[in-house]
Amino acid sequence: MDTPRGRRLRVTAGGFQNTTTALIGVAMIVLVAAAVYANGAQPQQATPARATAAAAPRRAAPATAAAGTCMQCHGDVVKHPVVHPKATECESCHVPKTRDAHQFDDKKCTVCHQMVKKDDKFVHGPVAAGECLACHDPHGSEEPQLVRVFGADLCQRCHVDMKARLAEKRFTHEPVKEDCATCHNPHASPSKYQIRVDGAEQCLVCHKTLRKELVTARVQHEAVSVDRECINCHDPHASDLGKQLKGTSMDLCLSCHDREQDAPGGKVQNVKGWLETHTDLHGPIRQQDCVGCHLPHDSEHFRLLRKDYPETFYSPYNPKNYELCFSCHEPDLAKVERTATVTGFRDGDLNLHFLHVNRTEKGRTCRACHEAHSSTEPKHLRETVPFGEWQLPVGYTQTPDGGRCAPGCHLPKEYSRKLVQTTHSPGER
Ligand code: HEC
Ligand code: HEC
Ligand code: HEC
Ligand code: HEC
Ligand code: HEC
Ligand code: HEC
Ligand code: HEC
Ligand code: HEC
Ligand code: HEC
Ligand code: HEC
Ligand code: HEC
Ligand code: HEC
């Protein structure tokens with residue numbers, strides 16, 4: 001059956017996507033909205049015309065009514081916690097057709113309220129259609145600003161697709177639960193989707209700690225200020241992953257780090273390309289967790305790292321410098337000189353991590369031997385390491401109980417975890 005009613009219902013179920021023009025969308029939605037509030041939601045608000053047709057006959061309207069007499073019969077109009085400031089001046093909206101006639105020409109709200117300003121390029125559908133009453137009661141309401149229903153519920157009467165989307169997601173952003181109008185102007189705005197303030201500013205109105213960091217932190221991430229700013233990574237409404245994230249941090253990060261990027265200190269590597277050719281992934285990356293080590297917005301540390309990690313090939317030993325690695329790995333690894341347990345990088349019980357790293361001068365930093373992201377060598381060892389302008393080879397080979405290095409640093413050496421010391425001696429450089 002293709003009755004108008006059937007057609008209307010189908011529009012409600014399918015949302016707005018199938019409509020070809022905004023105008024059709026507006027018309028349909030307003031019809032649906034009218035049906036919503038005329039049927040169930042606000043039965044008392046039906047106009048007298050509808051009321052007389054549907055319910056018991058009411059007292060007939062008088063033919064005339066002198067100015068100032070209206071309240072004698074229509075006292076209900078102003079019995080609401082919130083009333084329109086002009087509510088008792090009936091004639092400011094209901095202008096008698098002739099003097100004292102009880103027949104009126106209704107003034108449009110827009111005669112007094114200019115809801116669309118000159119630079120408002122984006123006008124909300126029902127406002128464009130002049131349907132102020134889809135959201136407001138003209139006389140009075142239980143809610144501030146004469147809205148028919150407060151907050152998100154008002155919007156979701158028409159935005160049933162958004163309502164369904166929010167219901168499907170595990171986490172809804174706090175202000176979305178409360179009031180869509182904190183971010184969207186319900187009437188019109190210069191920004192797309194009637195956003196009140198464009199871009200990151202909209203978010204930073206509330207996220208004040210971040211606002212401060214984005215000015216003061218030592219290392220800033222351009223991801224926050226390019227393209228779509230915060231919503232490069234966050235969904236403003238809801239998410240299945242928590243923290244309003246649109247995807248796992250790895251998917252998000254690699255959506256931009258799939259090519260070289262220009263940073264203040266020079267080029268930043270194409271990380272995606274690297275991971276595709278160096279497939280032995282470091283634990284956290286296997287778990288798609290780039291933010292295990294990096295902060296997404298800004299940081300006090302080199303390369304947006306969460307904690308300290310030396311930028312250089314050499315650094316005097318101080319465990320604090322390696323806080324990043326030691327937040328997941330055993331700090332004793334570089335602290336104890338002799339061990340049969342804490343590390344596999346030992347010659348007999350001589351800890352070769354200690355030997356290389358733990359020095360007051362020219363301690364080798366982890367980067368001298370390890371890749372942070374992934375590698376082709378065992379134990380995330382590097383093939384080469386930048387040493388000035390030279391790519392110094394590391395030349396590592398694993399052996400059954402140890403390994404062998406032929407690095408650019410010294411003659412080839414071998415170590416074995418069996419309790420015999422081979423080529424290393426304590427205090428050696
Ligand atoms: C003697 C009683 C009485 C007085 C005085 C009176 N009305 Fe009415 N009015 C009615 C009745 C009865 C109806 C029809 C049923 C209803 O809506 O309550 C009505 C209906 C209306 C309607 C809805 C119908 C339409 O034409 O849209 C408006 C608007 C209205 N009145 C405005 C006014 C205004 C403005 C005044 C003062 C200038 C006024 N009335 C004075 C009794 C009165
Ligand atoms: C700010 C503008 C405005 C003012 C002021 C106003 N009205 Fe109305 N009134 C309207 C509009 C618009 C409608 C149509 C509502 C609808 O279609 O749902 C309406 C509808 C009505 C109706 C019929 C439906 C209903 O809600 O009961 C009556 C009766 C009515 N007005 C009476 C009055 C009286 C009496 C006054 C003064 C005490 C008054 N109005 C003041 C705008 C106004
Ligand atoms: C004759 C002029 C006039 C008309 C017509 C008029 N208003 Fe108003 N309205 C005012 C004035 C004056 C105020 C108080 C000052 C302000 O907020 O602009 C007001 C305030 C409001 C407010 C804010 C109320 C609050 O609690 O802060 C809303 C909402 C509103 N009007 C909605 C409407 C709607 C909807 C219509 C049409 C049904 C309408 N107005 C028609 C003059 C009018
Ligand atoms: C989609 C729902 C919706 C529609 C349609 C709508 N409004 Fe509003 N209006 C609101 C909400 C929600 C508020 C609460 C204040 C806010 O957040 O701006 C509001 C606030 C207002 C205010 C008081 C605050 C202000 O911005 O001045 C006025 C006046 C007003 N609306 C008039 C109108 C008029 C006139 C129309 C028709 C041209 C209209 N509204 C259409 C939802 C709507
Ligand atoms: C009376 C029904 C109705 C109500 C209530 C309503 N909207 Fe809308 N909204 C529409 C229509 C119709 C469109 C235009 C749809 C289109 O163009 O496809 C629209 C469009 C939008 C858009 C732009 C969407 C896009 O894809 O371009 C946003 C954002 C929006 N509304 C937010 C809100 C918010 C926030 C509220 C509550 C304050 C609200 N709406 C309440 C009917 C409504
Ligand atoms: C925290 C701010 C914020 C709140 C609160 C918010 N929105 Fe949005 N909304 C946005 C931003 C930002 C966009 C633009 C998203 C984009 O460009 O991808 C948007 C886009 C939209 C769109 C159009 C694009 C789309 O995703 O369909 C609709 C419709 C919409 N919002 C409706 C709503 C409704 C309904 C609510 C309340 C239930 C709401 N919004 C609450 C910020 C918000
Ligand atoms: C009206 C205030 C407000 C606005 C505007 C706002 N937020 Fe929020 N946001 C909150 C509140 C309240 C929470 C929940 C409390 C919290 O964890 O800080 C939250 C939570 C979050 C969270 C999750 C925090 C966590 O620890 O789980 C993220 C991410 C977020 N918002 C991002 C955004 C983005 C992006 C925007 C802009 C599109 C935005 N917010 C706009 C108030 C706001
Ligand atoms: C490059 C992607 C990206 C961008 C751009 C981004 N964020 Fe985030 N944001 C994240 C990730 C990932 C997390 C989760 C961090 C975690 O789990 O420790 C997060 C966490 C948050 C949190 C939760 C508290 C916190 O700091 O951990 C808030 C609030 C937040 N972001 C707001 C914003 C705002 C506001 C903007 C824009 C100014 C923004 N984000 C831009 C990726 C991003
Ligand atoms: C929207 C694109 C975009 C996204 C998404 C993105 N980045 Fe970036 N990132 C950049 C750009 C552009 C630069 C170079 C400019 C700069 O240093 O901020 C950069 C630089 C970096 C740097 C080097 C910073 C420096 O200056 O030393 C690191 C580290 C980084 N990103 C990590 C991440 C991580 C981790 C994620 C995921 C949480 C991520 N990026 C997501 C665009 C992005
Ligand atoms: C185990 C910790 C860790 C994880 C997890 C991690 N990173 Fe890094 N990342 C680092 C360290 C340490 C550096 C600095 C490396 C250096 O300079 O030797 C770095 C550097 C970077 C750089 C700058 C590269 C350059 O050109 O110097 C980018 C971009 C980057 N990481 C992105 C990512 C992305 C994207 C992910 C997730 C796929 C990720 N990181 C996961 C530790 C990590
Ligand atoms: C967020 C936690 C985390 C951080 C920070 C971290 N790692 Fe790892 N690392 C892991 C996990 C998890 C594994 C995998 C362990 C496994 O598979 O048994 C791993 C494995 C390794 C391995 C290989 C171990 C093996 O036996 O295969 C090396 C080498 C390594 N990490 C070095 C580093 C260095 C150097 C840093 C500092 C730049 C660092 N890690 C920072 C979590 C972390
Ligand atoms: C001189 C080169 C070198 C330096 C510098 C170095 N490592 Fe290693 N690391 C190795 C080698 C070689 C292995 C493999 C040991 C084996 O399994 O035979 C290794 C293994 C590891 C492992 C795997 C577990 C273990 O101890 O066997 C971790 C974790 C690790 N290194 C972390 C670090 C951290 C953190 C730093 C910086 C504080 C660091 N390494 C500095 C060469 C180095």
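**A colleague's note on the chain and its ligand shells**

1. Buried residues make up 16% of the 429 residues in the chain; a residue is buried if 20 or more other C-beta atoms lie within 10 Å of its own, exposed if 12 or fewer, and partly exposed in between, with C-beta atoms placed from the backbone. Please keep in mind that this is a predicted model, in which local features need pLDDT of at least 70 and side-chain atom pairs count only at pLDDT 80 or more, while totals for chains, interfaces and linings use all residues. Residues are numbered from 1 along each chain as its sequence is written, and chains are lettered from A and ligands numbered from 1 in the order in which they are written.

2. The secondary structure comes to 15 helices and 21 strands, taken as DSSP runs (helices H or I, at least four residues; strands E, at least two) and numbered from the N terminus. Among contacts with a separation of 6 or more, 48% are between residues 24 or more positions apart; a contact here has C-beta atoms, placed from the backbone, within 7 Å.

3. Ligand 8 has 19 residues around it, with C203, A223, C230, C233 and P296 coming nearest. The elements giving two or more residues to this shell are α9 (200–204) and α11 (249–256), and α9 gives the most, with three. A residue counts as near when its C-beta atom, placed from the backbone, lies within 6 Å of the molecule. By class, the shell around ligand 8 has 12 nonpolar, five polar and two charged residues. Ala, Val, Leu, Ile, Met, Phe, Trp, Tyr, Cys and Pro count as nonpolar, Asp, Glu, Lys and Arg as charged, and the others, Gly among them, as polar.

4. Helix α11 is also where you will find L252. This residue counts as buried because it has 20 C-beta neighbours inside 10 Å. Leaving aside neighbours within four places in sequence, L252 is in contact with C233, L245, K246 and G247. Its C-alpha atom is 9.4 Å from that of C290, 38 residues apart along the chain.

5. Ligand 7 is surrounded by 17 residues, and E174, C203, C206, C230 and P236 are the closest. Both α8 (174–178) and α9 supply at least two residues of its shell. The shell around ligand 7 draws at least three residues from each of domain 1 (122–196) and domain 2 (197–304); these bounds come from an automatic or database domain assignment.

6. Which domains give residues to the shell around ligand 11? Domain 2 (197–304) and domain 3 (319–416) both do, so ligand 11 lies between them. Of the 16 residues around it, G283, G292, C325, C328 and C366 come nearest. Helices α13 (283–286) and α14 (323–326) each supply at least two residues.

7. Not counting residues up to four places away in sequence, C366 touches Y322 and C325.

8. Last, is T360 buried or exposed? T360 counts as exposed because it has 8 C-beta neighbours inside 10 Å. It is found in the loop between α15 (352–357) and β16 (374–375). T360 touches P316 and Y317, residues up to four places away in sequence not being counted.

Terms used: Contact = placed C-beta atoms within 7 Å.
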